[in-house]
Every structure is written in C-alpha cells, then in structure tokens.
Amino acid sequence: MAVIKNKQYPYEEVYELVNLKDMLIQKALLQPRLTAFVYPCSTGEMRKTYFDVKEDVEAFGTWMYSKKIRGGKHVVITGENSYEWLVTFFATVNGGNVAVAIDKGLPEKEVVDLARMADADVAFGTKAYVEKLGKKAARKIYDLSEFDEILAEGRELLKNGHTEYLDYEVEPDDVAMILFTSGTSGVSKGVQLTNRNIAFEITHTSMLYKPEGGVVAALPFHHAFGLVVGVIMVYNYGYPIYINKSLKYVKKNMQDFGPQTMFLVPMFVEFFHRQIWAEIDKMGKTTAFKGLMKSTNLLLKAGIDVRKKTYESILKAFGGNLEYIICGGAALDPMYVKEFRTWGIEILNGYGATECSPVTAVNRAHYHRDGSVGQLVPGIEAKTTEEGELAFRGDLVMKGYYKNPKATDEALQDRWYMTGDLGYVDEDNFVFLTGRKKNLIILSNGENISPEEIEMDFTRDDAVNECLVYDEGGKIIAEIFPMEGYMGDATYFEKLKNKVNKGRPAYKQVVRIKLREKEFIKNATMKIVRYLNIPGEAEKAEAAVKAAKEAGEKNK
C-alpha cells in the first residue's frame, strides 16, 4: 500500500453550522435512520438514530418549558458520561437556557460552590451523583434516573400542541454554556461560550480533520475538548459515537466498538504506550521489536506500508480499526507520536483552551509536523507578543468569565485571548509551544527556565512515571514519582539526573532529585496541578481564591 505524502492539501468541505438546534434538525433530515449514539444499558447496548436524538431533545426541551425552565435559566448538569447527560445539554442550549457543566469528580462542597458561583436556577444529575448537588446547589434538583418519564411527559405535551420550545429561535450571541476552568492556578473561572462560538468552532475545526468512522467518547462531557470536539463535532460529521461511562471500560469499549478515531488526553496515550512495551518486554522481545520498528520505518520511507499486518496484535487491542488519535489538553512528547505512527496509528496533536471553544490548532491527517501542536484553525488570527506569549482572536474566543470582569480584562485584550503559553506560529501556520508563562522559573541571575522542557527529558526514561520541576530556594528541583520497581532507588535517579544535566548550561541543571511514593494531584484532564504539588504554592493559591471570592461578592 502506497504511503500518502505529508503535504498541504485542501480543507475538508463541511456544512456551515448555524447552531446546535439547526444541527439536530439537519442530521435528522439527512440521515434519520443512521446510528448517532451507542451506549451500554441493562439489556446490553442501546442505539439511538439521528431522528431519535432530535425527538428526544425536543420532548425533553418541551418538558423543561412546562416547568418554567426557559428565558436564559442557568441549568447545572453533572454526572458520568451518558446519553441522558447529552440530551439534557442539547435541550438546555437549544431552548435559550445556559448549560453549566460541572465535574462529577469534585467534592460535594465544590460542586455546590461552582453551582452557586454560576447562579444556578435548576440542576440535573445522573443517578449516582444527584446527592452531590445537595439542596443548596439550585432551587430545584432533578434526577436523570427519571429520564424516560420526562420524555413521556414531553411527548404528551407536544401531542397536545405545546410548541413553544420548537418555535424558539436561537440567538447567536447568547451564552450557551458555562464551563469551569480546571483551576490549575487555584482559582476556577466560569468560561462563557456563546452559540456563535460553538458553531464557529465545530465548522472550522472540522475543516482540518474529518473522521471516517466511529468514535468512542471517553473524555468527560464537562470538559470542552470531550464535549465540543469529541462528541458534537463527530455528530455534525454524521458518524456513530459510543458513549463510554467509565474509564475502566475504555479498552473493552474500543475492542467491542472498533473506533476509527479517538479523542484523548496525553495520559491515555502514555498509558497505552507503557502497556504495549510491558507486554513486549514480558515476552523478552524488546531488542527484536525495536529492530522490526526500524525496518518498518525504512520501508515507509520507500513508500511501502506493512504496518497493518506487522502490528496486527497491537491494532487489535484498540479494536482493529483505529487510525487516528486526536490528542490535546496537555503537552505530549513527540516520541509517542513517532512510535504510534510506526505501529500504524497516527497521533494528531492539537492545542487550545476552554476559552477558545476549545481548539485553536490541530495537526491534519496528511499534513502534520512533529513537535508542533498543529495548524491554525481556519478563520482565526494568532500572534506572539513581545514577551513570547501566544494570543488568538476570532469567533471562537469566549464572551468572558462569568461575573469576573477583572479576570476577563486580563485574559481578553483588544479581543485577543492571552493564552499564558509561550510559543510561535511558523510560516506554514503550524503552532509550536515552548513553555507556560506562569510556570517559568526566573532565577536571581535573570535567566528564565521552562520546567516543561526538563520534565519531558525525565519522563522519557522508563523508570519515571511522573515528574515535576520547580524552583526551591534558588535551586532547580526535580520531584519524581517512579514506576513500580524503581521506588526509593536514589542511586538510579541520581545517575538519571546527571544524564539529563549533561550538555546543559549550569543554570539549567537540576540540583536535586526528590522521590515521592504517591502520584501527583491532578485535575479532570489529568494535568498535574502545580500549585497543589509545589511546596508553598497552595498557600499562595488560597490567598488568590480568597481575593477572587471577595472581588466576586463586590461584583454581584
């Protein structure tokens, strides 16, 4: 099989989305009987067609209107990934209300605090998480275990001529949803995304990548990447989506469903990579397998692709059909991209932020650049400031943070969203990241160090599970959570430190290694939360949270 050359090619032709209500109507008209969602249920698997989805959303929305949930009400949704979650979301947004998505994994107090911060009017929770909402999260709490009864009521109302929900016209610049930032700086903010933001994002990101088969939706729906890209964009393209309810079933879901594309964060890629190499090592074939990979890459350069047959056992573990992994949410070492490519799976690195709906760049199927986070989404502007910070402008940039004008003014400058990331855009519109502005270690001699660069060198070693680099008293510290079998092995990690330091200028060298016995605290997208793991930073974050709350009270 000939290998397609890696070069620029025309954008994908896509239907220009007006809003999510329009999307549901169009898909139900164009492919009513095709499968939209598949998900596990008590009897095995449930399948919903595009026509079913439209009918269910309209019934749910009509029921919401009958309960006076209309006119811009703030509707909290929390719980595990589910069809019920998505129908509630679509019904909320398409009826002119605001969906407030909250992470089910947060402690009860934080769920309530975020709901109150967003001025929630009502809240919906899937069965296992209704209790987390408590009585203080909103004026009225609904249990989605009563989903079927709600739909039945809505259908009866429609039958009796209640068409107010159906007649509602979506306003482009109305806020459609509030998603909370992960709070890696210690302060969660409510990102307001409008109907225009979401429609622009789905239409223009789709121009860069088009799936050619089904997808397993494994990322949480309260996260912009998991919802907007991993579900809504795929739905707009018209391919079936398997709803994964729990991460422990991801591999089984993949093997059962056989997805062509997966939308993942680096944690998944790193986990799958470790498992593959562990199996090879267990069979005692590591050296031979590395030789096989070299041969595969030489054949690819000659235009001969033998990957499907050569790495059949690896591909079967992913369901046998997986061709692409779209990876975003955090930095990914290019080494993973190269090795998965050798095995026949292309990882397309992407980049963005919740504040940008969320994707601003993604590598393309047949035009990608290793080390980059992709090509700019068509129709947006990008620039690098004098300080080296990346900024974006366009219709995908948020309206602002809910009731937080100070944070909004800091983030949006002349309609440019200031990312806080250091990087640049090359002449072919590929985006490259060099570090995080707020994470920079600034030494007393004025030198700036990006900790991510050093962390990546450490995590390439098989003995390192996780690594965090920071400044402690003017000295660079690398704190490591080792892989099993290397716990407490100070001698090994001292040698590794010397290896990483070799060739680096003195100011960029790690002075001390700290070994830990527990993994680092992470957020919902599995990013290490720096302020909770670096000594002294939690106290600073608490002060910032207090100041933000006080500012919020003043702005009410």
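Let's start with helix H4, residues 108-117, where Val111, Val112, Leu114 and Ala115 are buried. Looking down the axis of H4, you'd find these buried residues within an arc of 165°, so they line one face of the helix. Keep in mind that this is a predicted model.

**Around helix H4**
- An α-helix has 3.6 residues a turn, so residues three or four places apart point the same way.

**A three-stranded sheet**
- Further along, three strands form an open sheet in the order E24-E25-E26, and their pairing is mixed.
- Strand E24 (464-472) and strand E26 (512-515) are the edges, each pairing on one side only.
- On average, neighbouring strands in this sheet are turned by 25° against each other, ignoring direction.
- Strand E25, residues 475-482, pairs with E26 in the parallel sense, over four bridges.
- Within that part of the sheet, Ala478 sits opposite Ile513 in E26.

**Helices on the sheet**
- Helix H17 (residues 451-459) packs on the sheet and touches E24, E25 and E26. The direction of H17 makes about 150° with that of E24.
- Helix H18 (residues 490-501) also lies across E24, E25 and E26, and H18 runs at about 140° to E26.

Technical notes: Residues are numbered from 1 along each chain as its sequence is written. This is a predicted model: local features need pLDDT of at least 70, side-chain atom pairs count only at pLDDT 80 or more; totals for chains, interfaces and linings use all residues. Side-chain values use heavy atoms; hydrogens and water are left out. Two strands pair if DSSP finds at least two bridges between them. Helices (H or I, at least four residues) and strands (E, at least two) are DSSP runs, numbered from the N terminus. Axes are lines fitted to C-alpha atoms, for helices over the stretch in contact, and angles run from 0 to 180 degrees between N-to-C directions. Contact means heavy atoms within 4.5 Å. Buried means under 20% relative accessible area, exposed over 50%, partly exposed in between (1.4 Å probe, protein chains only). The arc is that of the directions from the helix axis to the C-beta atoms.
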